[in-house]
Amino acid sequence: MSAQAWLAVAIFVIAYGFIATEKIHRVAAALGGAALMLALGLTDAEHAFFSEHAGIDWNVIFLLLGMMLVVSVLKRTGIFEYVAIWAAKRAKGLPFRVMVILCLITAFASALLDNVTTVLLIAPVTILVCERLGVPVAPYLIAEVLASNIGGTATLVGDPPNIIIASRAGLSFNDFLVYLAPIVLVLLVVFIGLIRVLFRKAFVYRPERVAEVMALRERDAIRDVRLLVVSLVVLAVIMAAFVLHTVLHLEPSVVAIVGGLLLLALSRLDAEDVAKDVEWPTLAFFAGLFIMVGALVANDVIGKLADAAVDLTGGRLWFATMLLLWVSAFLSAIVDNIPYVATVSPLVSDLVEATGGDGASSVLWWSLALGADLGGNATAVGASANVVVLGIAERSGHRISFWQFTRYGLVVTFVTLLVCVPYLWFRFF
Amino acid sequence: MPTVTLATPALEASRLLAQQNLPGLIVLDDQRRPQTVLPGTQVLRLAVPRYCQDDPTLARVVDEPHADLFLQALDAKTVRELLPAQPRELPVVDGDATVLEVAAVMARMRSPVVAVVAEGGRMIGAITLDNLLDRMLPA
């Protein structure tokens, strides 16, 4: 490799180290690394800003921005609070049923919206329901965030790593529905069995407390019925447009940003107020990350790594699939899965090409998605949603320690990955 | 002007605020010197369930009988727990401070109460926002 390539690797490794250890803020680390790459001529404006494979992938940025706008409006409708309380009442306050139903709502919402927003909206109402039922709050919050990461695996928009993978691999929304949604359904069934055992001590039924849940007034959560109807209609249209990609030929990023802006216009909310809820730092983080990884691509670092990976796997597709699944899960458990997938995607792209580039070798993309998404469940810091829920729990006086989360997360991650192994085998080999 | 210490029960502090119609209380240290100001809204921050602060929609779904009981959360808590982790800069003036000085301290520190201290930091009185406005506005 050239001296320039080594310099790009050094900057990338240092910036990644800062991101992983959180020594400095991840946005500062990613943008700082990107600025250095540009200033030192390791990449240029042509690559950084105008190449989706060696620079900022605007499809990812605008897809995220569009969905963030949708979420920003949707969360003002009170629908999450309504559905969660309605469901807890339908469960008649039976603790296991309440946990299952809240987990399923979280998983479903996480498949359509981003995981962090979903848990941000579900966690407070869960605390309210649990306190009313007199059951420990921590197991319910842990179960929900685990369900969120599993549910988010199902669709293209469910988890940011999937958005990156879809863009890099040219996979459609329907591809995710066909290849990942079925296994996610199986995983959720397995997950429900697991939580029955893992959290068995949390299912203390107190008949005298059930009336307190039944007294909650979920209808009062919805103030603006028009806003709710408009939001749900626009969300349904967005999902339909995703699914009808082959007919409409609209990129997911176009659908999301048009949908987000349409909803903003129809909502009659203050645009500045809604825009404040967009996670601008996250978008800047993505941009910095893409420029850094793009510099590695432009300097052929990724190409060399891909050659090494091809040599290592020796064209054995099943071996490569398993390696990607478990290594991705391991690394996503200890560092954020977004930078991991952004870095590995170009490498996997080369690997797919080297192993034939046909339908069979696309299994590598799915093993990357499953490993990275499900691996986020393993530890308290594996996914952003985990960190957010731990913060909410602590502020509410129901502290969840790193190990308290991780001992459940590890079991769930291991079992769910194990279930994926025969699925990948039977589906692709 | 009633004062409290860090060990004063939170409920007692709340009662003082309500009964004497005060916007905040001055918290004294062991030497009876003003340590910080406890604004009334800070009491609410601890009493209102955190989930309602994280998601204000939830305050609407709580039924009336339970909504009336939220101050019970202050049971067994003390003033120490009501105060923010980072102590606020103390809004304090000397005995010879002008009305403008007092107003400037209140405005800068967004404090509804200002402690008046003598030399050595001993508290000799307090001025509330009401007192200040009464003095400044013509009757």
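Let me start with one residue. Asp273(A) is partly exposed, at a relative accessible area of 36%. Keep in mind that this is a predicted model.

Who does Asp273(A) pair with? Its salt-bridge partner is Arg76(A). The closest N and O atoms are 3.5 Å apart. Now look at where the two sit. Asp273(A) is in helix 16 of chain A, residues 271-276. Arg76(A) is in the loop between helix 4 (58-74) and helix 5 of chain A. The two are 197 residues apart in sequence, so this pair ties together separate parts of the chain. Arg76(A) is partly exposed too, with a relative accessible area of 28%.

Salt bridges with shared partners link Lys75(A), Arg76(A), Asp273(A) and Asp277(A) into one network. Over all chains, the search of the whole structure finds 13 salt bridges.

Here is another one in chain A. Glu394(A) and Arg399(A) meet through their side chains, at 3.8 Å from N to O. Glu394(A) is partly exposed, at 48% relative accessibility. Arg399(A) is exposed, at 56%. The cut-off for exposed is over 50%, so these two residues land in separate classes.

Next, the interface. How many salt bridges cross between chain A and chain B? The rule finds two. One of them pairs Arg132(A) with Asp63(B). The closest N and O atoms there are 3.2 Å apart. Arg132(A) lies in helix 7 of chain A. Asp63(B) lies in the loop between helix 4 (57-61) and helix 5 (64-67) of chain B, so this pair joins two chains.

Are these two residues buried or exposed? Arg132(A) counts as buried, at 6% relative accessibility. Asp63(B) counts as buried as well, at 7%. Buried means under 20%, so both values qualify. As a general point, side chains of opposite charge can pair when their charged atoms come close.

Let me widen the view to the whole contact. Chain A puts in 21 residues, and chain B puts in twelve residues. Which residues of chain A lose the most area to chain B? They are Leu128(A), Arg217(A) and Arg395(A). Together they account for 32% of what the chain A side buries.

How big is the interface? A word on that number first. Interface size is often given as the accessible area lost when the parts come together. For chain A and chain B, the area buried is about 1500 Å². Carbon and sulfur atoms give 54% of that area.

What about polar contacts? Between chain A and chain B there are seven residue pairs in polar contact, with both residues at pLDDT 80 or more. Helix 7 of chain A has the largest share, with seven residues. By type, the chain A side divides into ten nonpolar, two polar and nine charged residues.

Now chain B on its own. What is it built from? Its secondary structure comes to eight helices and six strands. Along the sequence the pattern reads β-α-β-β-α-α-α-α-α-β-α-β-β-α. The C-alpha atoms fill a box of roughly 50 × 40 × 25 Å along the principal axes. Chain B has 139 residues, and 40% of them are buried. Take the contacts in chain B with a separation of 6 or more. Residues 24 or more positions apart account for 48% of those.

How confident is the predictor? The mean pLDDT of chain B is 82. In that chain, 96% of the residues reach 70 or more. For the complex, the ipTM is 0.71 and the pTM is 0.82.

One last stop, back in chain A. Find Asn377(A), in the loop between helix 21 (363-375) and helix 22. Asn377(A) is buried, with a relative accessible area of 0%. What lies around it? Leaving out residues up to four places away in sequence, Asn377(A) touches a list of residues including Val145(A), Asn149(A), Ile150(A), Asn386(A), Phe405(A) and Val412(A). Leu146(A) is also among them. The backbone oxygen of Leu146(A) lies 3.2 Å from a polar atom of the Asn377(A) side chain.

That is the tour. Thank you.

Definitions and conventions:
Residues numbered from 1 in each chain as written. Chains lettered and ligands numbered in written order. Heavy atoms only, no water. Contact = heavy atoms within 4.5 Å. Buried area = accessible area lost by both parts, 1.4 Å probe. Salt bridge = Lys/Arg side-chain N within 4 Å of Asp/Glu carboxyl O. Polar contact = N/O pair within 3.5 Å; in protein donor to acceptor, adjacent residues only side chain to side chain. Helix = DSSP H or I, 4+ residues; strand = E, 2+ residues; numbered from the N terminus. Nonpolar A, V, L, I, M, F, W, Y, C, P; charged D, E, K, R; others polar. pLDDT = per-residue confidence, 0-100. Buried < 20%, exposed > 50% of the residue type's maximum accessible area, 1.4 Å probe, protein only.
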